[in-house]
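Hi everyone, thanks for coming. Let me put the structure up on the screen, and then we can walk through it together.

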Amino acid sequence: MQHLTNIKDIERTILDNRLCLFFIKAPDCGVCNVMLDRVGQLASGLPSLCSFYTDIREEPLIAGRFLVYSGPTVLLLMDGKEVYRSSQFIDMQELEQMINRYLSFQMSVK
């Protein structure tokens with residue numbers, strides 16, 4: 001997963017990619033670090049998926065722009081719109097199903 005640290009890069013990445021997986025972590029959060037590793041492993045198996053993360057302390061504008069107030073939070077965005085959100089206790093099986101659903105939708109629309 002790519003590490004982005006400013007809002008302009010994050011917004012540009014979302015605009016440039018049809019489907020994005022965005023992970024937001026909080027500083028000094030053990031659960032965030034564990035979930036970042038798990039989400040990163042999932043994303044690495046899906047090369048057609050754009051995936052990136054940020055630390056909410058590195059870019060405080062994230063909280064207001066994406067309405068994220070706690071970590072970990074994972075967002076799935078399609079065409080710049082949020083289609084899935086999970087915070088704190090991320091169900092990895094559900095996340096994988098949603099990603100696969102939108103990846104298959106993306107392929108069928110091309």
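Let's begin inside: how many residues does the largest nonpolar core have, and which of them have the most contacts inside it? Before the reply, a word on the source: this is a predicted model, where local features need pLDDT of at least 70 and side-chain atom pairs count only at pLDDT 80 or more, while totals for chains, interfaces and linings use all residues. Residues are numbered from 1 along each chain as its sequence is written, and side-chain values use heavy atoms, with hydrogens and water left out.

Now the reply. The largest nonpolar core has 22 residues, and those with the most contacts inside it are Leu21, Phe23, Leu76, Leu95 and Ile99. By a nonpolar core I mean a set of buried Ala, Val, Leu, Ile, Met, Phe, Trp, Tyr and Cys residues joined through side-chain atoms within 4.5 Å. Buried means under 20% relative accessible area, exposed means over 50%, and partly exposed is in between, using a 1.4 Å probe and protein chains only.

Where does this core come from? At least two residues each are supplied by strand E2 (19–25), helix H2 (30–44), strand E4 (73–78) and helix H4 (92–109). H4 gives the largest share, six residues. Helices (H or I, at least four residues) and strands (E, at least two) are DSSP runs, numbered from the N terminus.

Have a look at Phe23. Setting aside neighbours within four places in sequence, Phe23 is in contact (heavy atoms within 4.5 Å) with residues including Met1, Met35, Val39, Phe52, Pro72 and Ile90. There is also a second, separate core of 14 residues, and Phe22, Ile24, Cys50 and Phe52 are among them.

Next, please find Ser51 in strand E3 (residues 50–55). Is Ser51 buried or exposed? Ser51 is buried, because its relative accessible area is 13%.

Let's zoom out. The protein chain has four helices and five strands, and along the sequence they follow the pattern β-α-β-α-β-α-β-β-α. The radius of gyration of the chain is 13 Å, close to the 13 Å that the globule rule gives for 110 residues, so the chain is as compact as a globular protein of that length. That radius is taken over C-alpha atoms, and the rule is 2.2 Å times the number of residues to the power 0.38. Along its principal axes, the C-alpha trace spans about 40 × 30 × 20 Å. Of the 110 residues, 47% count as buried. Among contacts between residues at least 6 apart in sequence, 69% join residues at least 24 apart.

Last, some backbone details. Most residues other than glycine have a negative phi, and most peptide bonds are trans. Here, a cis peptide bond joins Gly71 and Pro72, with omega about -10°. Pro72 sits in the loop between helix H3 (61–66) and E4. Leu67 counts as exposed because its relative accessibility is 51%. Asp79, in the loop between E4 and strand E5 (81–87), has a positive phi too, near 50°. With 47% relative accessibility, Asp79 counts as partly exposed.
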